[in-house]
Structure formats: C-alpha cells, structure tokens
Amino acid sequence: AIVSFYGLVDGSEASLKNYLGSLSGVDQVGADERAAMLATRSIKTTSKRWAIDMAISMVDLTTLEGADTPGKVQALCTKAVRPDPTDSSVPSVGAICVYNDMVAIARKHLDLVGGAHVGVAAVSTAFPSGRASMPVKIQDTRDALDAGASEIDMVIDRGAFLSGDYITVFNEIVAIRELCGTRAHLKVIFETGELVTYDNVRKVSFLAMAAGAHFIKTSTGKIAPSATA
C-alpha cells in the first residue's frame, strides 16, 4: 500500500497526528539566514553551463491564464522542445504545464514537433483554491489523465490543513496518488504563503510525502503572497 512512510503512518488519523506531532520545530531565524547566504553564492565557470542545462531540463514551462488559446499553447510547446532555436545543444524543458482543457492540445503538438520526451503537467483538484468536493477533484484528475497528462499538479485544501483536519488532506492526496497509478507523477502544491509558519510548511511537506507524493512544491503563483518559504 502507498499509505506508508517508513512504518510511521498507517493511514489512520491517530498515527498521522502522532507522526506530525513528533516533528521538531523549524528555526526560522536560522533558516532565513541560510537562505540569504545561499543567495549570495555563484556557480563556478566550469560548472555553470552544466547547471544551466540542468535547470532548463527541470523546468515546467507554464501558461495558466483564462485567455489561453490553442495557438498560445502550441507556441509554448515548440519553445519547450527547442528553448533556443539557434542552439540545438540547449536541452528541452521537463514539461509543459497547462489547464486540463489544454492537455490534449499540448500532447498532440509536442509529439508533432519532436517533443515526445517532454511531459505534460496538468493543474488539478480545483486549482488554485483547492476548494471543491472530492468527486469534483477526482473527475478533474481523471480528465487530465485521459487527455494524456504525465504529471498531476494537485493543490491541497489549506483551510482543512490550517483547521487541523490533517487526515482529510492526507486522504485526498492518497486518493489522487492512487488515480495517477503508473500513468503520471503527482506533484502536491502547498501555497506556502497561506500556511503562516515554517512549522506548518514542514508539517505539510512530511504529510504529503507520507501520502505518496512524488514531488512537493511551494506555491501556485496565483494567490498572494505566493511562496514565502
């Protein structure tokens, strides 16, 4: 079963609360100082090209606008395959990220322009608010998978988490992870700017990993103040 985290979480509310309650607090001052120090570091010349190429290959090239059109998505797909049309040594990005209704368009165009290796990520589960019934979230995910998504970007219900209803957040992640199966990876987005404290960010990070998330992410970029941790 995927509901397992080194034997510490068995899927019950009691085990989840016990596990999350055992996590140590975050030294906010130390974390801020460490982040500020890392921001001053530079990549040495000999490693810079490798680092840039690695970063490009891990990017989700994204368009999530109400005004998105098939043409805009197709143009983005072409750019995803060849970020620099004048330099074929520049790698393709990792994925195109779009709303559900654009997944099939993105997948078809990527294949057409030699981008079969580029994934399509779909924002799902009532992005960006995460406020919808579970049947709606499940259908949202199924639609994306059926259209060819290879990654589901799920947003959590921050209201449930902040009210201490951890088991609801956990169970929703488990359900979406099970839907993904072997067809797609699951990325869980927290909207950390709304989680108030670093301790909450740490807690939800471990919760998501315990529930089976393949990746975790800070912010949707749609709701102020976006990512602060």
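## Helix α6: exposed and buried sides

Pro135 and Asp146 are exposed, on the other side of α6 from a set of buried residues made up of Met134, Lys137, Asp140, Thr141, Ala144 and Leu145. Viewed down the helix axis, these buried residues of α6 lie within an arc of 130°, so they line one face of the helix. The model described here is predicted.

## Extent of α6 and what follows

Helix α6 spans residues 134–146, which is 13 residues. From the first C-alpha to the last, α6 reaches 18 Å, close to the 18 Å expected at 1.5 Å a residue.

Gly148 follows α6 and has a positive phi, near 110°.

## Packing of α1 on α8

Two packed helices are described by the angle between their axes and the distance between the axes. For α1 (residues 13–21) and α8, the angle is about 105° and the axes are 10 Å apart. An angle of 65 to 115 degrees counts as roughly perpendicular, so α1 is roughly perpendicular to α8.

On the α1 side, the contact involves Glu13, Leu16, Lys17 and Leu20. These meet Tyr166, Ile167 and Phe170 in α8. By class, the residues of the contact of α1 with α8 comprise 5 nonpolar and 2 charged, with no polar residues.

Terms used. Residues are numbered from 1 along each chain as its sequence is written. This is a predicted model: local features need pLDDT of at least 70, side-chain atom pairs count only at pLDDT 80 or more; totals for chains, interfaces and linings use all residues. Side-chain values use heavy atoms; hydrogens and water are left out. Helices (H or I, at least four residues) and strands (E, at least two) are DSSP runs, numbered from the N terminus. The expected span of a helix is 1.5 Å times one less than its number of residues. Buried means under 20% relative accessible area, exposed over 50%, partly exposed in between (1.4 Å probe, protein chains only). The arc is that of the directions from the helix axis to the C-beta atoms. Axes are lines fitted to C-alpha atoms, for helices over the stretch in contact, and angles run from 0 to 180 degrees between N-to-C directions. Angles under 35 degrees count as roughly parallel, over 145 as roughly antiparallel, 65 to 115 as roughly perpendicular and the rest as oblique. Contact means heavy atoms within 4.5 Å. Ala, Val, Leu, Ile, Met, Phe, Trp, Tyr, Cys and Pro count as nonpolar, Asp, Glu, Lys and Arg as charged, and the others, Gly among them, as polar.
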